[in-house]
Amino acid sequence: ERVTPLTTLRSLLREAHPVEHLVLVRCEPGAASAVARALEAESLPGLLGTIAGDDTVLVAVQTQPDGARVLRRVEEL
């Protein structure tokens with residue numbers, strides 16, 4: 001087997017998912033990590049993970065309906 005940077009990290013990788021939809025959530029400066037953790041703690045169906053910056057969270061979901069569900073949940077708040 002050919003050794004590449006990714007194959008050397010094999011033991012660190014868990015899984016990968018194709019993403020059909022992303023949800024962008026804007027928040028107050030410095031709050032993105034807390035918002036991302038709270039979204040993940042909700043265990044919403046189809047939410048695969050989040051990436052948090054300073055004031056922006058990118059939410060990866062499996063399907064467009066899952067994205068709509070995340071969006072509704074954020075709007076409820």
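Angles here run from 0 to 180 degrees between N-to-C directions, along axes fitted to C-alpha atoms. With that in hand, take helix 3 (residues 64–76): it lies across strand 1, strand 2 and strand 3, and runs at about 15° to strand 1. This is a predicted model, with three helices and three strands in the protein chain. From the N terminus on, the order of elements is α-β-α-β-β-α.

- The three strands form an open sheet with the order 1-3-2 and antiparallel pairing.
- Strand 1 (21–26) and strand 2 (47–52) are the edge strands, each with a single partner, so one side of each has no neighbour in the sheet.
- From one strand to the next, the twist averages 20°.
- Strand 1 and strand 3 run antiparallel and are joined by six bridges; along this pairing, Arg26 sits opposite Thr56 in strand 3.
- Strand 2 and strand 3 (residues 56–61) are antiparallel too, with five bridges between them, and Gly49 faces Ala60 in strand 3.
- A hairpin of three residues takes the chain from strand 2 to strand 3.
- As for strand 3 itself, five of its six residues are buried, so the rest of the structure largely encloses it.

**Helices against the sheet**

- Helix 2 (residues 32–41) packs on the sheet and touches strand 1, strand 2 and strand 3; its direction makes about 170° with that of strand 2.
- Helix 3 has 13 residues and spans 18 Å from its first C-alpha to its last, close to the 18 Å expected at 1.5 Å a residue.
- Which residues of helix 3 are buried? They are Asp66, Gly67 and Val70.
- Down the axis of helix 3, those buried residues fall within an arc of 100°, so they line one face of the helix.
- Strand 1, strand 2 and strand 3 are among the elements that cover the buried residues of helix 3.
- Turn to the other side of helix 3 and you find Gln64, Pro65, Glu75 and Glu76 exposed.

**The core**

- The general background is simple enough: in soluble globular proteins, nonpolar side chains tend to be buried together.
- Here the largest nonpolar core has twelve residues: Val23, Val25, Cys27, Ala32, Ala36, Leu39, Leu44, Leu47, Val57, Val59, Val61 and Val70.
- Strand 1, helix 2 and strand 3 each put at least two residues into this core.

**The chain overall**

- How much of the chain is buried? Of its 77 residues, 25% count as buried.
- Taking contacts between residues at least 6 apart in sequence, 52% join residues at least 24 apart.

Definitions and conventions:
Residues numbered from 1 in each chain as written. Predicted model: local features only at pLDDT ≥ 70, side-chain atom pairs only at ≥ 80, totals over all residues. Heavy atoms only, no water. Pairing = 2+ DSSP bridges. Helix = DSSP H or I, 4+ residues; strand = E, 2+ residues; numbered from the N terminus. Contact = heavy atoms within 4.5 Å. Core = buried A, V, L, I, M, F, W, Y, C linked by side-chain atoms within 4.5 Å. Buried < 20%, exposed > 50% of the residue type's maximum accessible area, 1.4 Å probe, protein only. Expected span 1.5 Å × (residues − 1). Arc of directions from axis to C-beta.
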